[in-house]
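I wanted to go through this model chain by chain and write down what I looked up. These entries keep the order in which I worked.

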Amino acid sequence: MCGVCGCGQAEIDDGQVHGHSHGALLHDHGRGPAGVHAPGLPQSRLVQIEQDILAKNDGYAAANRARLAAAGVLALNLVSSPGSGKTALLTATLGLMRGRCALGVIEGDQQTSNDAERVRATGVPAVQINTGKGCHLDAHMVGHAMDALALASGGVLFIENVGNLVCPAGFDLGEAHKVVVLSVTEGEDKPLKYPDMFAAADLMLLNKIDLLPYLDFDVGACIAFARRINPAIAVIEVSALRGHGMEDWTGWIEQARRRAAGAG
Amino acid sequence: MRPRSNPVHELALCESVLELIEEQARVQRYTRVNTVWLEVGSLAAVEIEALRFGFDVVTRGSLAEGAALEIREIPGRARCLCCGESHEIAARGEACPRCGSYRSQLIDGAQIRVQELEVS
């Protein structure tokens, strides 16, 4: 594009190429009729956008959040790397919370509905989202999944994200809290290696702590690393398999649930 | 940089960029995008090369096919919650260079924005 007049270096009627001789401060628009651009030729110009790429997702997320608040439902977005025991933790949690309040689950995986089936086996309704090639859930997908789950006021919606510690950090789903699950088999420096997720989460669940005697895992260092990234992050140590710490975790949910129900 | 062979998350971001410029095409009345200027924070968890690759792929057959992608990288900045000093950071979780504290708040460098387009 011509930086002086913003014209599109268009060719004009008489077939003469637009001569750009700005060096001599001469801006020749050619010798066509009236010396102007031929009509209909494309004009290049600059358009200011200044928009966040995630703005669209954030808009859907805000709509989800408003729906959840109006319904008095607490939504938790569970994130972790694959194999952290997220689904086992979720089914154990559902087992403990069943009968206390309405529960629902949105399962995100690239493929299969295995996890939704594991959840349904506990008697809690679940909707599976398969992201295909996608590495994260987005707020638009979750909004549609919410249509299929009618949750009563005071209920809890668990959203189990795709196992991935990178991409889901940037995609707000409209949840009240992101909860990051880290298992002690993964290495205590994960919060430093994948800081975005730990920065975005309000709670870290340190899972599989029953395995600590067999591992060289420094719990104190792991928590210090997480707080270096996110000074406000809460931490609960749990074993979904053995039940350690599960009352602390369900107690945390209970408090958040009351806040959400009160706001609705 | 994280070496990754499958830039799926950047691909999703590129799809969002294309949606945004297609929406703007109706409002601002253009039919062709020649250049896209993006602002990408160094802490935005975006790999620039993956973003370029994804952009070429998703814009194929669109009004932005073949458009140049100009990326302005914005360094990360944090403000120390202890001494108030603001400083440049290469990664989250770095200590304050003045007082050594890790208690800090990110103030810049996490954004991914479309700034400007050259259109015709």
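**Entry 1: ground rules**

I first noted that this is a predicted model, in which local features need pLDDT of at least 70 and side-chain atom pairs count only at pLDDT 80 or more, while totals for chains, interfaces and linings use all residues. Residues are numbered from 1 along each chain as its sequence is written, and chains are lettered from A and ligands numbered from 1 in the order in which they are written.

**Entry 2: chain A overall**

I looked up the secondary structure of chain A and found eight helices and ten strands, where helices (H or I, at least four residues) and strands (E, at least two) are DSSP runs numbered from the N terminus. Of its 264 residues, 41% count as buried; a residue is buried if 20 or more other C-beta atoms lie within 10 Å of its own, exposed if 12 or fewer, and partly exposed in between, with C-beta atoms placed from the backbone. I then turned to contacts, which require C-beta atoms, placed from the backbone, within 7 Å. Among those in chain A between residues at least 6 apart in sequence, 71% join residues at least 24 apart.

**Entry 3: the sheet of chain A**

I traced an open sheet of seven strands with parallel pairing, in the order E6-E5-E7-E4-E8-E9-E10 of chain A; two strands pair if DSSP finds at least two bridges between them. Strand E6 (126-130) and strand E10 (234-237) of chain A each have a single partner strand, so they stand at the edges and one side of each is left without a neighbour in the sheet. From one strand to the next the twist averages 20°, with axes as lines fitted to C-alpha atoms, for helices over the stretch in contact, and angles running from 0 to 180 degrees between N-to-C directions.

Within this sheet I checked strand E8 (residues 177-183) and strand E9 (residues 203-207) of chain A, which run parallel and are joined by five bridges; Ser183(A) has Asn207(A) in E9(A) as its bridge partner. Helix H4 (residues 139-147) of chain A packs on the sheet, where it touches strand E5 (103-109), E6 and strand E7 (156-160) of chain A, and its direction makes about 150° with that of E6(A).

I also followed E5(A) and E6(A), parallel strands joined by five bridges, with Asn130(A) in E6(A) as the bridge partner of Asp109(A). The chain passes from E5(A) through helix H3 (residues 114-120) of chain A to E6(A) in a right-handed β-α-β crossover, a term that applies if, with the strands pointing away from the viewer, the path from the first strand over the helix to the second runs clockwise.

**Entry 4: Cys135(A)**

Is Cys135(A) buried or exposed? I found Cys135(A) in the loop between E6 and H4 of chain A, and it counts as buried because 23 other C-beta atoms lie within 10 Å. Asn164(A) is 29 residues away from Cys135(A) in sequence, yet their C-alpha atoms are 7.1 Å apart.

**Entry 5: chain B**

Chain B has two helices and six strands, and from the N terminus on its elements run α-β-α-β-β-β-β-β. Its radius of gyration is 17 Å, whereas a compact globule of 120 residues would have one near 14 Å; I took the radius over C-alpha atoms and the globule rule as 2.2 Å times the number of residues to the power 0.38. The C-alpha trace of chain B spans about 55 × 35 × 15 Å along its principal axes, and 38% of the 120 residues count as buried.

I traced an open sheet of three strands in chain B, antiparallel, in the order E4-E3-E5. Strand E4 (86-89) and strand E5 (104-108) of chain B each have a single partner strand, so they stand at the edges with one side of each left without a neighbour in the sheet. Strand E3 (residues 76-80) of chain B pairs with E5(B) in the antiparallel sense over four bridges, and Ala78(B) has Leu106(B) as its bridge partner there.

**Entry 6: between the chains**

I found 31 residues of chain A in contact with 29 residues of chain B. On the side of chain A that touches chain B, strand E3 (45-52), helix H6 (195-200) and helix H7 (219-229) of chain A give two or more residues, and E3(A) has the largest share, with eight residues. E3(A) also pairs with strand E6 (residues 112-119) of chain B in the antiparallel sense over six bridges, where Arg45(A) stands opposite Val119(B).

Key. Two residues are in contact if their C-beta atoms, placed from the backbone, lie within 7 Å.
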